[in-house]
Amino acid sequence: MERLDFLCVIAGTLRIAIPLSLVLSVEEAGPLTPLPFSPDQVEGLVMALGRVLPQMPLAAALNEPCRDGGVLVVAAGSDDARALRVDQVAGMVQVDVQAIDRLDDEEHARQPLLTARFTALSAEWRVLDYARLTGDQPMMATGVQSGAAFLGAAGESAAQAPPAELADTRQPLLLVDIGRESYAVATSDIIEILVPGSIRSMPGAPGWVAGLVDRRGSPLLVLSAASLLGRPGGDGAAIVLVVDMPDAGEVGILIDRAVGIERIDHADIHDVAQDMAGVASYFVIGRGRIVGIIDPAALIGQVGAAIAALVPRVAGSTGETQIVSTPKLSRKLLAVRVGREFFALPLDRVERIQASVVLTPLPEPGTGFHAMADVGDATVPVLDLRLRIPEAGSAPNPPCTLVKIEGALAGLAVDQVLRIEDVPDEDVDDITAHPLLPISHVARSGDRLMSVLVIDRVLPPLDSEAAATPNLEALEAT
């Protein structure tokens, strides 16, 4: 049965569902810069995902009362990226397609930006038509270019799209509320975020056990983060962070609310001077607010000896019991677009992304590269994939992905950098019929197919002038 993923948010009095395929990030609202001559519903410019994006209050766009504050949902459809300000993020849900109903004509006439409805999290949600939202409020040519820099849209000058690096120099953290206190958890420690419909209690269990939740037909043990931290719990909406424990399998940690994602430089993360249960480091955000970083392994390790007897188990084929756990077999890929083709680069080979570069053609042919580009701290050779793909763009300042080859940096110029995809291994197929092509796999992400490029075959060796030509011809043939 086909399912769709949604991010559920509160905007005014409305409960809105945004297709998760459009959501790039959830972040705390930052300083706002007013933008002259902007569309009616654009409040100004804000930094999000390391980019300058137009900020829109979703409640006002839906003719709802608009309050100050809230969180930003960075969404992108086609080449248009916006930071939507909402009052609250309620969670993420998976919904069967058959359970989604179109709005009747009368309601759609009242709210033309909403298209459908479904029931989840004990409430009814309306699905946002993001394409119509941005179409009704287009950004003018003299303002921020649609798509902004993270999506690789070419601006009129490099100054409109300052370079952005991947998160390898900063620690991505999920900000959460537990009781009345703020904490953070490294996104790399989180397997999944659940919004449970209900939590079934476990009679006789210790006080730090919140209970069991149904996770797509399998029971998941959920522990109370407040109890393990020795803090009072809250009475707000419940969110479950799924983490993996080496000796217990996957378990859930119950928090009150997921606020957003913050990227903190490693230099700004400090060790805690005294022992705190499950918290070994912290950072300072906003106006001196101290946020402790939870280490799930240390937090749950306090009760590790008792968890083994509480984790739900199923009988194995030999009569032995096995821990109910979903293996984390996936690969992270950077999705890019060249013309109408979608490609993916192994994320471990990507050093960073330049939102736009100025290409200087090479005076001598035969190197395998097409141009040189200044990327701030270095001048790198660039292979322009757009020259080899039909119907590709020809913008003079294209986005460029910097990768490592033979210990040095080189660039791949493309039409658009899309997003980082975490693709399950089961959705990646080998290509065995053409082993010499610079494509090793085909990856499926939703209804999109991406060809996974082999970096060492696409890029010519930096010390060889003749190695690139046959590989580029093979790429063109794909």
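What share of the contacts in the chain with a separation of 6 or more comes from residues 24 or more positions apart? The figure is 60%, where a contact means heavy atoms within 4.5 Å.

Before the details, some ground rules. This is a predicted model, in which local features need pLDDT of at least 70 and side-chain atom pairs count only at pLDDT 80 or more, while totals for chains, interfaces and linings use all residues. Residues are numbered from 1 along each chain as its sequence is written, and side-chain values use heavy atoms, with hydrogens and water left out.

I start with confidence. The pLDDT is the predictor's confidence in each residue, from 0 to 100. The chain has a mean pLDDT of 75, and 79% of its residues reach 70 or more. Over residues 139-168 the pLDDT is below 50, and this stretch has 78 contacts in the model beyond near neighbours in sequence. The pLDDT is also below 50 over residues 315-328, a stretch with 27 such contacts.

Next, the chain as a whole. The chain contains eight helices and 36 strands. Helices (H or I, at least four residues) and strands (E, at least two) are DSSP runs, numbered from the N terminus. Of the 478 residues, 49% count as buried. Buried means under 20% relative accessible area, exposed means over 50%, and partly exposed is in between, with a 1.4 Å probe and protein chains only. The chain exposes about 22,900 Å², and carbon and sulfur atoms supply 51% of that area. Accessible areas come from the Shrake-Rupley method with a 1.4 Å probe, and for residues only the protein chains shown count as cover.

Now a sheet. Six strands form an open sheet with mixed pairing, in the order S8-S1-S2-S11-S10-S9. Two strands pair if DSSP finds at least two bridges between them. Which strands stand at the edges? They are S8 (88-96) and S9 (101-102); each has a single partner strand, so one side of each is left without a neighbour in the sheet. Further in, S2 (residues 14-19) and S11 (residues 123-128) pair in the parallel sense over two bridges. Ile16 stands opposite Arg126 in S11.

Glu107 lies in helix H2 (residues 105-110). Is Glu107 buried or exposed? Glu107 is buried, because its relative accessible area is 10%. Its side chain makes a polar contact with the side chain of Arg126, at 2.8 Å. A polar contact is a pair of N or O atoms within 3.5 Å; within protein, one must be able to donate a hydrogen and the other to accept it, and residues adjacent in sequence count only if both atoms are side-chain atoms. Not counting residues up to four places away in sequence, Glu107 touches Arg117 and Arg126.

On to aromatic rings. Rings of Phe, Tyr and Trp (its six-membered ring) pair if their centres lie within 6.5 Å; planes under 30 degrees apart count as stacked, over 60 as edge-to-face and the rest as tilted. By this rule the count is one aromatic pair. Phe6 and Phe118 form that tilted pair, 4.9 Å centre to centre with 35 degrees between the planes. Phe6 lies in strand S1 (residues 3-11) and Phe118 in strand S10 (residues 114-120), so the pair ties together parts that are 112 residues apart in sequence. Both Phe6 and Phe118 are buried.

Further along is a hairpin. S25 (residues 330-338) and S26 (residues 341-346) pair in the antiparallel sense over six bridges. Two residues lie between these strands, and Gly339 in the turn has a positive phi of about 60 degrees. Ala335 stands opposite Ala344 in S26. S26 also pairs with S36 (residues 448-453), in the parallel sense over two bridges, and there the bridge partner of Ala344 is Val452.

Val338 is found in S25 and is buried, with a relative accessible area of 0%. Leaving aside neighbours within four places in sequence, Val338 is in contact with several residues, including Phe343, Leu385 and Val414. Val338 and Pro390 are 52 residues apart in sequence and 8.7 Å apart in space, C-alpha to C-alpha.

Last, a loop residue. Asn63 lies in the loop between helix H1 (58-61) and strand S6 (71-77). Most residues other than glycine have a negative phi. Asn63 has a positive phi of about 60 degrees although it is not a glycine. Asn63 counts as exposed, because its relative accessibility is 65%.
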